[in-house]
Amino acid sequence: MRPLRSLICLATVSSVIALSVARPVADTFRPVVRGKRGAVAAGHPLSAEAGLRLLQQGGNATDAGCAAILAASVIEFSHFSFGGEVPIIIKPSSGAVAVINGQGIAPQLATRQFFLDRAKRGEGEKGPVYRGAPEYVSISEGGSQPGAIPSSGILPATVPAVLDAVVTALDRFGTKSLAEVIQPAIELAEGVPIDELRATYIERTRKVFEQWPTSTKLFLPGGGVPKPGEMFSQPDLARTLREIVKAERAAASRGRHAALTAARDYFYKGVIAKRISEFCEANGGLLRAGDFAAFHAKVEEPAHASYHGYEVYKTGFWAQGPVMLEMLNVLEGYDLKAMKHNSADYIHTLTETMKLAFADRDRYYGDPDFVRVPGGELLAKDYAAMRRSLIDEKRASLEQRPGDPMNKKPLMNGAPHPALTGQSSVPEAERANDTTCVNVIDKDGNLFSATPSGAWLPTVVAGDTGVMLGQRMQSFLLEEGHPNVLQPGKRPRVTLSPTLVMKEGKPFMVLSTPGGDNQDQSLIQVLLNIIEFGMNVQEAVEAPRFQTLHFVSSFDDHRFNPGMLNLEDRITKEVSNDLASRGHKVEVQTAWGNPSAPTVIRFYSDSGVIEAGADPRRGRYAIAW
């Protein structure tokens, strides 16, 4: 990209937001965005603008991040909405790193036996909603029983967790009221020009959601798909959000904490929970008011690993984030820089490392409130050294190889091989539609990273609340005894993976991405692009990427695709052929075909400069001030 000084602005922002600094760099589609007062990176320009607005109003990174999440829950409904979930990692400028566990729980009526019995009877919901693969995914039994949790419809909904996660974050780490933070979202719900992506997703999924009159009313106003540029409003959701704010204001005289709690309780213990419960009960769903009352987002300690002087923080083992830490522990034993970026040796080494980490994920990860996950053993450096010994530099593994961390062995004896392989049998319109991302760093070095997701199209709108119901229960397995088996009140093991990095005790970076099972594969590539190969943040997110499918999918019918390796075609044919000769089942994607789309923000402690990058693959957007 030619050296330039460019003004970064939005149509909704009249003032100058940031100036990019001239420097000779490799050609990128977008400039690095730099500022000193703060930076916000998100999945849509108006989500980022909401966060920037809070920074300009004197809020900190948590205030801005929560505003961006709430705005995204309105405007990015193809991939995330207010009825979904959002894990968050926060590092205040003074204080320890903390995780907000913003994943909803399964309803009390959601049992393993319910879904098995339902599948055996061949029962469905309204319309052409997926009823499960003919085989039941069981790692130990090879897929011998029928039944699965649907990918869409009203049954796979967990308790909506977004509001509680945001309120918890604001209460512990923010400075603003919920009314201030939610105001951009209310404005977007009252009406915004719809974009091409949302219009396309409405058209693509309409045959599924048209079976639900509440969804049809919202997404097909006047009976047709909105055209890009037409105003799209969500009046029921706007009313619900205003009611929540009214509850906060009514309790303001009792202090900020009490006001935030009142807003939260209005949703989870008041009329909103009651109305959603009544809608679900009347339409064959499982959520009830008691499930809302029982749920609370928790503040937890993060999982953590060191890598060559960097400290990397992820969520706990109820999400897949620790796989990235397992990968880093293994990769610490290699000279990646000497291999050269995206060489055959480099891609092979990372891919084989990813396979080992995902095998552990599929064997051990689950909600720690229900199962004992050997987290300390999985993240031990000596365990990583043992696992590293399994990697053959000349041959690709085609087996799933979980380790035995409790007994300090690199390989679990007698680990069964998943039998359900190949392409998903779930119709395209009903498959999981992924996620978005929010990252913020402010002038004081407060760090905020989030991965909002769930309640995406095709979704069921819960009556007159405007709240779209989620689909996250599909991430449970039905294998009896598995750490991630469905149980009432349990959180599914999710793929959502915000990331926070420190260096020598100082703020360094936040990054997150959509992409399902691919999230940590892409995030580790972006991280290594920066700390091993010296790329700036924009170069790092735009560089060619690869992904393995050598894991049990967290979605739909949970397929396993041994040895599959997807390469963007900007990776040379010579490298592709070399990898194929080692036994990788190589498939070449388009030049920008990788399904993830990270944003990343870096903080320079010596100068206070903040720089942000946003992947152009899926319309990410970064702004600074």
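Predicted model: local features only at pLDDT ≥ 70, side-chain atom pairs only at ≥ 80, totals over all residues.

Visitor: What percentage of the residues of the chain count as buried?

Guide: A residue is buried under 20% relative accessible area, exposed over 50% and partly exposed in between, with a 1.4 Å probe and protein chains only. By that criterion, 64% of the 625 residues are buried.

Visitor: How many helices and strands does the chain have?

Guide: Helices (H or I, at least four residues) and strands (E, at least two) are DSSP runs numbered from the N terminus. The chain contains 19 helices and 21 strands. Helix α12, residues 322-331, has 10 of its 10 residues buried, so it is largely enclosed by the rest of the structure. Among those buried residues are Glu326 and Asn329, as well as Met324 and Met327.

Visitor: How are contacts read along the chain?

Guide: A contact means heavy atoms within 4.5 Å. Of the contacts in the chain with a separation of 6 or more, 72% are between residues 24 or more positions apart. Leaving aside residues up to four places away in sequence, Val167 touches Leu178, Leu260 and Arg264. Leu260 is 93 residues from Val167 along the chain, yet their C-alpha atoms are separated by 6.4 Å. Val167 counts as buried because its relative accessible area is 5%.

Visitor: At what angle do helix α2 and helix α5 pack?

Guide: Axes are lines fitted to C-alpha atoms, for helices over the stretch in contact, and angles run from 0 to 180 degrees between N-to-C directions. Helix α2 (residues 61-75) packs against helix α5 (residues 178-190) at about 25°, the axes being 8 Å apart. The two helices are therefore roughly parallel, a term for angles under 35 degrees; over 145 is roughly antiparallel, 65 to 115 roughly perpendicular and the rest oblique.

Visitor: Which residues of α2 and α5 meet?

Guide: From α2, the residues include Asp63, Cys66 and Leu70, and from α5 they include Leu178, Val181 and Ile182. The contact comprises 12 nonpolar, no polar and 1 charged residues. Here Ala, Val, Leu, Ile, Met, Phe, Trp, Tyr, Cys and Pro count as nonpolar, Asp, Glu, Lys and Arg as charged, and the others, Gly among them, as polar.

Visitor: Where is Lys340 placed, and is it buried or exposed?

Guide: Lys340 lies in the loop between α13 (336-339) and α14 (344-364), and counts as exposed at 58% relative accessibility. Its phi is near 80°, a positive value in a residue other than glycine. Asn342 is found in that loop between α13 and α14, with phi near 55°, also positive. Asn342, however, is buried, with a relative accessible area of 11%.

Visitor: Which residues does a cis peptide bond join?

Guide: Such a bond joins Leu457 and Pro458, with omega about 0°. Pro458 sits in the loop between β13 (447-450) and β14 (499-503).

Technical notes. Residues numbered from 1 in each chain as written. Heavy atoms only, no water.
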